[in-house]
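Subject: Structure for you to look at

Hello,

Here is the structure I promised to pass on. Please open it beside this email and follow along.

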Amino acid sequence: MTDAPRSDAAVAHDYHVHSNYSDGTAMPRMVRAAADAGLDAVGFADHCNVSERDRMIRAKYEYGMTLDRTYPLRREGIESLRERYDLEIYDAVELDYAPDDEAEIRAFLADSGFDYAIGSVHRVEGENVQSHSTFADRSESERRRIVDDYYDALADLVESELFEIAAHADLIERTPDLRGYTTSDHYELIADAFSRSRTVPELNAGRALGDYGAFHPASDFREALADRGVEFVAGSDSHAPDELRDRIPAIEEAFDSWGLDPAKLASVEKSARLSPAEE
Ligand SMILES: [Zn+2]
Ligand SMILES: [Zn+2]
């Protein structure tokens with residue numbers, strides 16, 4: 001794939017957008033935006049949590065993030081949209097990962113039959129690492145420990161082989177109170193794990209045009225991964241149509257400026273409805 005001609009740098013597949021089956025916008029509006037952005041494929045990867053821990057179950061019902069129950073309905077909607085649009089629409093999931101939940105995750109993925117699964121570490125010690133208020137009172141050593149725990153969980157995610165994609169590798173960097181604690185040891189740990197795994201990282205644009213202003217993973221981390229021959233898929237992590245329209249050109253520019261080509265998920269391409277000429 002690295003020998004592909006330059007024209008392949010165009011971002012044709014966005015594997016990570018959200019709909020109102022989690023915290024995004026209704027699917028028809030997102031598909032319309034994907035078509036406007038010139039994509040050949042867009043993947044709905046709505047948030048999902050299958051932990052049996054009480055706190056996670058309560059949070060899921062309070063926030064209405066119940067894709068573990070509603071994915072059959074969303075699937076009907078995706079099938080319906082596929083009839084009206086030329087572009088590929090993937091039926092995917094962004095699943096919360098915690099090492100303790102592996103058995104539940106494995107069983108859920110085997111039952112549900114998504115086109116692919118994105119794994120995400122969003123929480124450490126039960127706290128969402130994107131929270132702007134949670135970590136302000138923590139000491140330096142506590143913050144360092146939280147960041148260590150985050151990367152240990154991410155390494156476990158990659159090594160679990162449960163997921164096609166691992167989301168936003170240095171997610172904690174978007175949180176001001178946790179920023180700057182990522183070390184080269186963390187890069188090495190994660191890059192080594194990816195180099196041995198079927199799981200690929202994404203170039204995630206979730207905060208690239210916002211307050212954080214950078215892609216995940218950030219430059220040094222990205223280089224540690226690229227040095228090991230690890231490739232990236234494109235994930236705009238859009239929750240609204242305008243985000244998708246704005247982020248696709250930004251992701252394309254980023255891949256281009258780093259001399260990288262976006263990867264495609266071979267497992268999805270083979271099973272999918274693409275004609276042989278397009279593969
Ligand atoms: Zn996420
Ligand atoms: Zn997301």
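In which loop is P217 found? P217 is in the loop between β8 (200-204) and α7. Keep in mind that this is a predicted model.

Most peptide bonds are trans. The bond that joins H216 and P217 is cis, with omega at about -5°.

P217 also leads us to a neighbour. L225 is in contact with P217, and also with A191, F194, P201 and V230, leaving aside its neighbours within four places in sequence. L225 belongs to helix α7 (residues 219-227). Is L225 buried or exposed? L225 has 22 other C-beta atoms within 10 Å, so it is buried. The cut-off for buried is 20 or more. L225 and F194 show how the chain folds back: they are 31 residues apart in sequence, but 7.8 Å apart in space, C-alpha to C-alpha.

Now the sheet.

Seven strands make up an open sheet. Their order is β1-β2-β3-β4-β7-β8-β9, and the pairing is parallel. Strands β1 (13-17) and β9 (233-235) stand at the edges. Each has a single partner strand, so one side of each lacks a neighbour in the sheet. Helix α1 (residues 27-36) packs on the sheet. Helix α1 touches β1, β2 (41-48) and β3 (88-96), and its direction makes about 145° with that of β2.

Start at β1. Three bridges pair β1 with β2 in the parallel sense. H13 stands opposite A41 in β2. Strand β1, helix α1 and strand β2 together make a right-handed β-α-β unit.

Move on to β4. Strands β3 and β4 run parallel and are joined by five bridges. V93 stands opposite A117 in β4. On its other pairing, β4 (residues 116-120) meets β7 (residues 165-166) in the parallel sense, over two bridges. There, G119 has A166 in β7 as its bridge partner.

How many residues of β4 are buried? Five of the five are, so β4 is largely enclosed by the rest of the structure. In a regular strand the side chains alternate between the two faces of the sheet. Both faces of β4 are covered. Y116, I118 and S120 are buried on one side, and A117 and G119 are buried on the other.

Next, the core.

Nonpolar side chains tend to be buried together in soluble globular proteins. The largest nonpolar core here has 78 residues. A92, L154 and I190 have the most contacts inside it. Helix α5 (residues 140-160) gives the most to this core, with eight residues. Look at L154: not counting residues up to four places away in sequence, L154 touches V121, A166, A169 and I190.

How do two packed helices sit together here? The axes of α5 and α6 come within 9 Å and cross at roughly 10°. That makes α5 roughly parallel to α6, because angles under 35 degrees count as roughly parallel. Y151, L154, A155, V158 and E159 in α5 meet H186, L189, I190, A193 and F194 in α6.

Helix α6 (residues 184-196) also includes S184. S184 has 11 other C-beta atoms within 10 Å, so it is exposed. The cut-off for exposed is 12 or fewer. S184 and A224 are 40 residues apart in sequence and 8.6 Å apart in space, C-alpha to C-alpha.

Last, two backbone angles to check.

Most residues other than glycine have a negative phi. H168 has a positive phi, near 25°. H168 is in the loop between β7 and α6. With 28 C-beta neighbours inside 10 Å, H168 counts as buried. D237 also has a positive phi, near 55°. D237 is in the loop between β9 and α8 (241-257), and D237 is buried, with 25 other C-beta atoms within 10 Å.

Best wishes

Notes: Residues numbered from 1 in each chain as written. Chains lettered and ligands numbered in written order. Predicted model: local features only at pLDDT ≥ 70, side-chain atom pairs only at ≥ 80, totals over all residues. Pairing = 2+ DSSP bridges. Helix = DSSP H or I, 4+ residues; strand = E, 2+ residues; numbered from the N terminus. Contact = placed C-beta atoms within 7 Å. Axes fitted to C-alpha atoms, helices over the stretch in contact; angles between N-to-C directions. Core = buried A, V, L, I, M, F, W, Y, C linked by C-beta atoms within 7 Å. Right-handed = clockwise from strand over helix to strand, strands pointing away. Parallel < 35°, antiparallel > 145°, perpendicular 65-115°, else oblique.
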